[in-house]
Structures are given as C-alpha cells and as structure tokens.
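Please look over the model below before reading on. My notes follow as numbered points.

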Amino acid sequence: MTNKNEIIQPLQQIESPFPPPLDVDDQRKALFVGAKYQTYYKEKFDLITPKKQMAGFNIAAFFLGIMWLFYRKMYAYGFIAIGLTFVVGIIETMIGITGTGSSIAFAVVFGLMGNTLYKYFVDKKISTINSNEDIEKAGGTNIWAALAILGIALFLVSSSYYLESQGY
C-alpha cells in the first residue's frame, strides 16, 4: 500500500537488445547493402545530412580503397578512381615527385568519404529499382571483382618492377 505523500516513480525504459524495426526506406537499403546494414551502415547513413556530409571513418575503404569500391559494386566510381590514380601518377612522374604522398591522400579521402559515397550510391540505385528482388540482386557485395582488381594491380606492379630491372 502506498502512502499519500509518497511519489510514484515512472517505470524506467528498458533498452531492447534488438534493433528497432525498419521503415520501408530502411528495409530497401538493408536489402541492397546486406547484412552490414543494421550493424554498421544504418547508423552511418543516418548521420549524413545535406549540412553534414561525413559520417565517421570507414576503415575498410581506407585500407582497401579501389578494391572496396569494386567489392561494394560501385564499379563506375572504381574506374573513376583508377583514372584519377593514373592521372596523378603521370603528373607526379612529370614533375619528379617520388614517394607515397598521393597514395596516403587517396586512402584518407576514401576513409573519410567512403560512407557518404556509399550512401549516395545506395540511394541512387534503389530509387530506380521497383521490386525488392531486383534491389537484392543489384546490391550486396562482389568479392570476385575486388580480387580481380587486386590481381590486376599485383600484375602491373610486378611487371613494372620486372621491366625496370631489365633496364626498360
């Protein structure tokens, strides 16, 4: 029995161990992105606004760079990044810059802007697809594309070293 002078405390909210249910837009993004959506990308995507374009640091994009773009099926962005890498490399060679400064700069940009770039890619892709089945097919990841880019890069680097050792 409670005393008339006693204040009744409201029940405290219990935090659920389960993520909240997704709205339709988030469900479509989850279908496109895959398993990592609820555990990583949803939180990052929610932080991105027109005024705040960066949403944390994407470690995978930082370390894997162009391979990450191809892994996430952002092929057009991957080819643009390859083109920029070649152009920057040619410019560095022409003006006599040696070192890894541009590589570090590219990695930092990928790390800082990876989540934002991926969010805009996802939004653009799912806006043009009607069925959930097609969204799921268009999204996800492609490990083979990333490995192909790695293989090509290793081939080019080893060929370059070989040609250089032969005096070419």
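1. The protein exposes about 12200 Å², and carbon and sulfur atoms supply 66% of it. Accessible areas come from the Shrake-Rupley method with a 1.4 Å probe; for residues, only the protein chains shown count as cover.

2. This is a predicted model: local features need pLDDT of at least 70, side-chain atom pairs count only at pLDDT 80 or more, and totals for chains, interfaces and linings use all residues. Residues are numbered from 1 along each chain as its sequence is written, and side-chain values use heavy atoms, with hydrogens and water left out.

3. The fold has eight helices and zero strands. Helices (H or I, at least four residues) and strands (E, at least two) are DSSP runs, numbered from the N terminus. Of the 168 residues, 28% are buried. Buried means under 20% relative accessible area, exposed over 50%, partly exposed in between (1.4 Å probe, protein chains only). Among contacts (heavy atoms within 4.5 Å) with a separation of 6 or more, 70% join residues 24 or more positions apart.

4. The largest nonpolar core has 25 residues. Such a core is a set of buried Ala, Val, Leu, Ile, Met, Phe, Trp, Tyr and Cys residues joined through side-chain atoms within 4.5 Å. F32, V33 and Y118 have the most contacts inside it. Two or more residues each come from α1 (24–33), α2, α4 (66–71), α6 and α8 (143–165). Leaving aside neighbours within four places in sequence, V33 contacts Y41, F45, R72, Y118, V122 and G140.

5. R28, in helix α1, deserves a look. Beyond four places in sequence, R28 touches I126, I129, N130, N132 and I135.

6. A nonpolar surface patch totals about 890 Å² of accessible area, with M54, F57, I59 and F63 among its residues. Patches take residues with over 30% relative accessible area and no salt bridge; like charges are joined within 9 Å, nonpolar side chains (Val, Leu, Ile, Met, Phe, Trp, Tyr) within 5 Å. Helix α6 gives the largest share, five residues. F57 sits in the loop between α2 (36–47) and α3. F57 counts as partly exposed because its relative accessibility is 34%.

Definitions and conventions. A salt bridge is a side-chain nitrogen of Lys or Arg within 4 Å of a carboxyl oxygen of Asp or Glu.
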